[in-house]
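My notes follow in the order of looking.

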Amino acid sequence: MSYARGLATAAVKAGAVIHEHTPVTKLENAGGKWTVKTATGTVTADKVIVATNAYSDDLWPGMKQEIIPVGCYMYATEPLGENVRKTILPSLHPIYDTQPAMVFTRYDRDHRLVVGSLGYLPPGDVAAARTWPHRTLRYLFPHLGEQKMSFKWAGTLGFTSDAIPRFHEPAPGISMTLGYNGRGIAPGTYWGQMLAKRAMGMAASEFPLPVTPIKPARMRSMWMFFYESAFSAYRLKSLFK
Ligand SMILES: Cc1cc2nc3c(=O)[nH]c(=O)nc-3n(C[C@H](O)[C@H](O)[C@H](O)COP(=O)(O)OP(=O)(O)OC[C@H]3O[C@@H](n4cnc5c(N)ncnc54)[C@H](O)[C@@H]3O)c2cc1C
């Protein structure tokens, strides 16, 4: 969140205008220019960068179907004391394990231990979800003791069927990258710069990814069902650890 805000601040300083809570409902081309339509206004432009990744809707045909949405959630403890920190990840390494619904943990800048995994947590106050971070931290660091969770957050990752991100130019003036498979912070920032260069005239062949046609993920519904069932099963399994 801080990083997104930092990027937004830099963009605004460079002259960008950001319209939050303004979904684009249609992209229309007339005479080589694009009209970007929203419920409250329109913008006309020569070039459009579509950067909706896991949250892609039906704005451009096929984008949504190319992405396999996968849930991801995280919890953060209260800041840990110095003595405990000497015994848990003392070199501040982030770690993750190798089970399919991997568990990852690291410190944030305020010394909170952040722990997360994959899947969509059930809505509401469900015990299996509420107790998950406590059980998981107890399993990873038995000496840590019971911790109060001060934050939790969740979102959607955009997987592709082969775990490779995509670069598309489905019409003249439209560029898009998507499908970061849960690792979009660094590459997304870099490709964002590259998309800007492309909009300013850089050749498509200089882009770090090949231009490919938009293709729906094969057996998307099956994968969505498989991932969700597998991640829920792992979460339930951890109840018995
Ligand atoms: C809990 C969690 C933890 C993660 N941890 C990591 C990590 O440790 N490292 C890492 O590299 N990645 C991580 N990721 C993935 C990373 O957050 C994404 O890869 C990255 O945010 C993608 O950036 P983006 O700008 O392409 O898309 P997003 O940040 O998803 O932004 C897309 C935006 O498009 C908007 N949008 C969608 N449709 C429309 C429309 N029609 N009109 C206008 N706007 C629209 C959405 O509202 C959204 O704001 C994590 C994701 C989650 C959910």
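Predicted model: local features only at pLDDT ≥ 70, side-chain atom pairs only at ≥ 80, totals over all residues.

I then asked which side chain Asp46 meets in a salt bridge. The partner is Lys33, with N to O at 2.6 Å. Lys33 lies in strand S2 (residues 33-38), while Asp46 sits in the loop between strand S3 (42-45) and strand S4 (48-50), so this pair ties together parts that are 13 residues apart in sequence. I looked up Lys33 as well: its relative accessibility is 38%, so Lys33 is also put down as partly exposed.

Entry 1. I went on to the other charged pairs. How many salt bridges does a search of the whole structure find? It finds 11. As a general point, side chains of opposite charge can pair when their charged atoms come close.

I noted the pair Lys26 and Glu28, whose side chains meet in a salt bridge at 3.7 Å, N to O.

I next looked at Arg130. Its salt bridge is with Asp125, and the closest N and O atoms are 2.8 Å apart. Arg130 has a relative accessible area of 42% and is partly exposed. Asp125 has 62% and is exposed, because the cut-off for that word is over 50%.

I also found a network of salt bridges, which links Asp108, Arg109, Asp110 and Arg112.

Entry 2. I turned to the aromatic rings. The search of the whole structure gives 11 aromatic pairs. I picked out Tyr180 and Trp191, which form a stacked pair with 5.7 Å centre to centre and 20° between the planes. Where do the two residues of this pair lie? Tyr180 is in the loop between strand S11 (174-178) and helix H6 (185-199), and Trp191 is in helix H6. The two are 11 residues apart, and the pair links distant parts of the chain. I checked accessibility here as well, and both Tyr180 and Trp191 are buried.

I then asked which residues form one aromatic cluster. I wrote down Phe159, Trp223, Phe226, Tyr227 and Phe231.

Entry 3. Rolling a probe the size of a water molecule over the atoms shows where empty space is left. The count comes to one cavity of 30 Å³ or more. The largest cavity has a volume of about 60 Å³.

Which residues line the largest cavity? The lining consists of His134, Leu137, Arg138, Phe141, Leu144, Gly145, Glu146, Gln147 and Met149. Helix H5 (residues 132-140) gives the most to this lining, with three residues. By kind, I have four nonpolar, three polar and two charged residues in the lining.

Entry 4. I finished with helix H1 (residues 2-13). H1 has 12 residues and reaches 16 Å from its first C-alpha to its last, close to the 16 Å expected at 1.5 Å a residue. What follows H1? I find Gly15 there, with a positive phi near 110°.

Note on methods: Residues numbered from 1 in each chain as written. Heavy atoms only, no water. Helix = DSSP H or I, 4+ residues; strand = E, 2+ residues; numbered from the N terminus. Expected span 1.5 Å × (residues − 1). Phe/Tyr/Trp six-rings, centres within 6.5 Å; stacked < 30°, edge-to-face > 60°. Buried < 20%, exposed > 50% of the residue type's maximum accessible area, 1.4 Å probe, protein only. 1 Å grid on protein atoms, 1.4 Å probe; cavity = no way out; pocket = protein on both sides within 12 Å on 5 of 7 lines; lining within 4 Å. Points joined across faces, edges and corners; volume = space filled by probe spheres on them. Nonpolar A, V, L, I, M, F, W, Y, C, P; charged D, E, K, R; others polar. Salt bridge = Lys/Arg side-chain N within 4 Å of Asp/Glu carboxyl O.
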